[in-house]
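Thanks for coming. I will go through one structure today, beginning with a surface patch and ending with the aromatic residues and the core.

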Amino acid sequence: MVELDGAEGHLRHHLLHYNYDSWAQFHAKQARYAAYEAGILKQRGLRPRFHNYLLQPLREFRRRYITLSGWRDGWHGLRLSALMAYYTYVTYVDLAKLWRTSAAQQ
């Protein structure tokens, strides 16, 4: 639900959304998201396979850099695409840790 403080209107230009103030904040946020996603994958019963550590990050890089046109942002787009691929890898590392922890507790 959206609450407006005034009349509704239309944007005249593209909306730029800056969702982090620093690289440290970006990394902390992505690490949290990776851990959260790993928890969801574990709840679904998914276990990381060897190929997930390579193919999922490559797929995410391709999606960010090519499909979503990250290449248009030059070095910044390349860097963000690579970092998002890295955090996809971290998701599977976190998922493996969750499975090891649950197996050790049983």
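First, a term: helices (H or I, at least four residues) and strands (E, at least two) are DSSP runs, numbered from the N terminus. This is a predicted model, in which local features need pLDDT of at least 70 and side-chain atom pairs count only at pLDDT 80 or more, while totals for chains, interfaces and linings use all residues. Residues are numbered from 1 along each chain as its sequence is written, and side-chain values use heavy atoms, with hydrogens and water left out.

Start with L58, which lies in helix α2, residues 52-67. L58 has a relative accessible area of 48%, so it is partly exposed. On that scale, buried means under 20% relative accessible area, exposed over 50%, and partly exposed in between, with a 1.4 Å probe and protein chains only. Together with L54 and L55, L58 forms a nonpolar surface patch of about 300 Å² accessible area. Patch residues have over 30% relative accessible area and no salt bridge; like charges are joined within 9 Å, and nonpolar side chains (Val, Leu, Ile, Met, Phe, Trp, Tyr) within 5 Å. A salt bridge is a side-chain nitrogen of Lys or Arg within 4 Å of a carboxyl oxygen of Asp or Glu. The areas come from the Shrake-Rupley method with a 1.4 Å probe, and for residues only the protein chains shown count as cover.

Now the rings. The structure holds eight aromatic pairs. Rings of Phe, Tyr and Trp (its six-membered ring) pair if their centres lie within 6.5 Å; planes under 30 degrees apart count as stacked, over 60 as edge-to-face and the rest as tilted. One of the pairs is Y20 with W23, tilted, at 5.8 Å centre to centre and 40° between the planes. Another is F26 with Y87, edge-to-face, at 6.4 Å and 80°. F26 is in helix α1 (residues 23-43) and Y87 in helix α3 (residues 74-105), so this pair ties together parts 61 residues apart in sequence.

What does the largest nonpolar core consist of? It has six residues: F26, A34, L83, M84, Y87 and V90. α1 and α3 are the elements that give two or more residues to this core, and α3 gives the most, with four. Such a core is a set of buried Ala, Val, Leu, Ile, Met, Phe, Trp, Tyr and Cys residues joined through side-chain atoms within 4.5 Å.
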